[in-house]
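Subject: Structure handover and notes

Hello,

Here is the structure I promised to pass on. My notes on it follow below the display.

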Amino acid sequence: MVGAGVLSLPYAMSELGWGPGVAVLILSWVITLYTLWQMVEMHEMVPGKRFDRYHELGQHAFGEKLGLYIVVPQQLIVEVGVCIVYMVTGGKSLKKFHDIVCSSCKPIKQTYFIMIFASVHFVLSHLPNFNSISGVSLAAAVMSLSYSTIAWSASIDKGVQPDVQYGYKATTKVGTVFNFFSALGEVAFAYAGHNVVLEIQATIPSTPEKPSKVPMWRGVIVAYIVVALCYFPVALIGYWMYGNSVTDNILITLEKPVWLIAMANMFVVVHVIGSYQIYAMPVFDMMETVLVKKMNFRPTMILRFVVRTTYVAFTMFVGITFPFFGGLLGFFGGFAFAPTTYFLPCVMWLAIYKPKKFGISWWTNWICIVFGVMLMIVSPIGGLRQIIIQAKTYKFYD
């Protein structure tokens with residue numbers, strides 16, 4: 001659950017401000033916990049059948065064809081978007097590690113660090129399945145908790161900056177509004193575990209006496225307590241200490257203690273290596289299935305090699321071209337994560353269970369849907385504007 005999006009939360013707070021920022025963080029935590037509960041409940045709503053994939057649940061709610069058309073493109077955008085963002089995150093963290101450890105060394109372009117990070121995936125992407133990356137995945141989970149803790153504890157150690165300011169950074173009202181929109185997407189990106197929750201629940205044994213939803217819900221509660229312990233301290237303490245001068249990655253802002261910040265950046269690298277693979281695996285599976293079943297390619301090692309290498313190269317190229325962490329989070333957070341995380345489970349719930357009109361369940365779901373749809377519309381606009389503004393002064397492939 002704890003992704004690299006946590007590192008941008010202080011920056012999101014600086015664009016939202018204290019009141020709206022705290023409200024959006026808490027509201028997102030509550031809504032996404034509720035929609036996650038819905039998905040856990042719907043996993044086995046049909047006796048003797050389990051919906052092990054998001055699109056299977058979509059097909060049950062909306063019909064065979066429509067379900068696929070609604071869910072699959074959104075899942076694909078989420079997975080590809082995360083891979084691109086993690087390419088940028090991995091490259092930037094490697095560069096920060098290099099710059100901290102070897103401050104007297106000759107500067108190396110960020111582009112090269114993204115390429116170095118990508119080189120790991122040119123190898124790892126050829127592992128056969130989820131089980132083969134379980135070690136990397138476990139390391140990634142430990143790392144995310146570690147660097148989150150370092151981010152807020154190092155901020156406390158540094159203390160409130162002498163010239164700290166909490167007003168909006170943008171000088172115009174239009175800029176402030178668009179930054180606000182982008183920040184909503186950055187927060188949405190941080191709450192992004194829903195895309196793989198059904199696949200995770202599918203690994204838990206289930207019987208009528210002991211349904212999988214019981215241990216799964218217990219796991220979700222623990223995960224969300226950990227999320228709160230990571231997200232809220234990083235967001236609030238990071239913003240409190242640095243105000244609106246914080247960068248879109250809190251670990252890039254922090255400089256001392258040198259050894260701790262260097263270690264935290266390496267933790268981020270290890271974490272996004274594992275996370276990249278988790279989000280890339282379903283894309284590999286989808287592409288290879290389409291090529292074999294629809295285009296009649298033979299399922300050979302050569303096909304697998306070409307597909308996976310091309311995908312890694314594509315995400316690397318986009319990451320090198322647009323290495324704007326905050327803007328990418330804002331864009332993908334709203335465009336892709338808001339539907340699958342904030343309101344699609346609610347739409348499915350209404351379609352399947354048909355709760356009583358104007359009852360508590362009906363109102364709760366519609367509030368989540370309205371909030372999620374607004375998020376999906378305004379966040380990409382803010383994120384895209386931020387990318388365009390940064391691209392104006394950015395030297396491409398530098």
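Two residues are in contact here if they have heavy atoms within 4.5 Å of each other. Helices (H or I, at least four residues) are DSSP runs, numbered from the N terminus. This is a predicted model, in which local features need pLDDT of at least 70 and side-chain atom pairs count only at pLDDT 80 or more, while totals for chains, interfaces and linings use all residues. Residues are numbered from 1 along each chain as its sequence is written, and side-chain values use heavy atoms, with hydrogens and water left out.

Helices H3 and H4

The contacts between these two helices run from Tyr54, His55, Gly58, Gln59 and Phe62 in H3 to Glu64, Leu66, Gly67, Leu68, Ile70, Val71, Val72 and Gln75 in H4. The axes of H3 (residues 54-62) and H4 come within 7 Å and cross at roughly 145°; axes are lines fitted to C-alpha atoms, for helices over the stretch in contact, with angles from 0 to 180 degrees between N-to-C directions. H3 passes H4 in a right-handed crossing, meaning that the near helix is turned clockwise from the far one by less than a right angle.

Gln59 is a residue of H3. Leaving aside neighbours within four places in sequence, Gln59 contacts Glu64, Gly67 and Leu68. With a relative accessibility of 16%, Gln59 counts as buried (buried is under 20% relative accessible area, exposed over 50%, partly exposed in between, with a 1.4 Å probe and protein chains only).

Further along, Ile84 also belongs to H4 and is buried, at 5% relative accessibility. Beyond four places in sequence, Ile84 is in contact with Thr315, Val318, Gly319, Leu328 and Phe332. Ile84 and Leu328 are 244 residues apart in sequence, and their C-alpha atoms are 8.6 Å apart.

How many of the residues of H1 (residues 9-16) are buried? Eight of the eight are, so H1 is largely enclosed by the rest of the structure. They are Leu9, Pro10, Tyr11, Ala12, Met13, Ser14, Glu15 and Leu16. Just after H1, Gly17 has a positive phi of about 90°.

H7 (residues 173-190) has 18 residues and reaches 26 Å from its first C-alpha to its last, close to the 26 Å expected at 1.5 Å a residue. That expected span is 1.5 Å times one less than the number of residues. The buried residues of H7 include Gly175, Thr176, Asn179 and Ser182, and also the run from Ala183 through Leu184, Gly185, Glu186, Val187, Ala188 and Phe189 to Ala190.

In H12 (residues 301-321) the residue to look at is Val312, which is buried at 0% relative accessible area. Apart from residues up to four places away in sequence, Val312 touches Met87, Ala118, His121, Phe122, Ser125 and Tyr276. Val312 and Ser125 are 187 residues apart along the chain, with 7.9 Å between their C-alpha atoms.

Nonpolar core

The largest nonpolar core has 112 residues, and those with the most contacts inside it are Tyr147, Tyr191 and Met348. Such a core is a set of buried Ala, Val, Leu, Ile, Met, Phe, Trp, Tyr and Cys residues joined through side-chain atoms within 4.5 Å. In soluble globular proteins, nonpolar side chains tend to be buried together. Not counting residues up to four places away in sequence, Tyr147 touches Gly3, Ala4, Val6, Leu7, Leu251, Ala264, Phe267, Val268 and His271.

Salt bridges

The count is four salt bridges, each defined by a side-chain nitrogen of Lys or Arg within 4 Å of a carboxyl oxygen of Asp or Glu. Three of them are described here.

- Glu41 pairs with Lys213, with the closest N and O atoms 3.4 Å apart. This pair links distant parts of the chain, 172 residues apart: Glu41 is in H2 (residues 18-42) and Lys213 in H9 (residues 213-242). Glu41 is partly exposed at 22%, as is Lys213 at 32% relative accessible area.
- Glu44 and Arg50 meet at 3.7 Å, N to O. Glu44 is partly exposed at 22% and Arg50 is partly exposed at 26%.
- Asp99 and Lys95 meet at 3.1 Å, N to O. Being four residues apart in H4 (residues 64-101), they are separated by about one helical turn. Asp99 is partly exposed at 33% relative accessibility.

Regards
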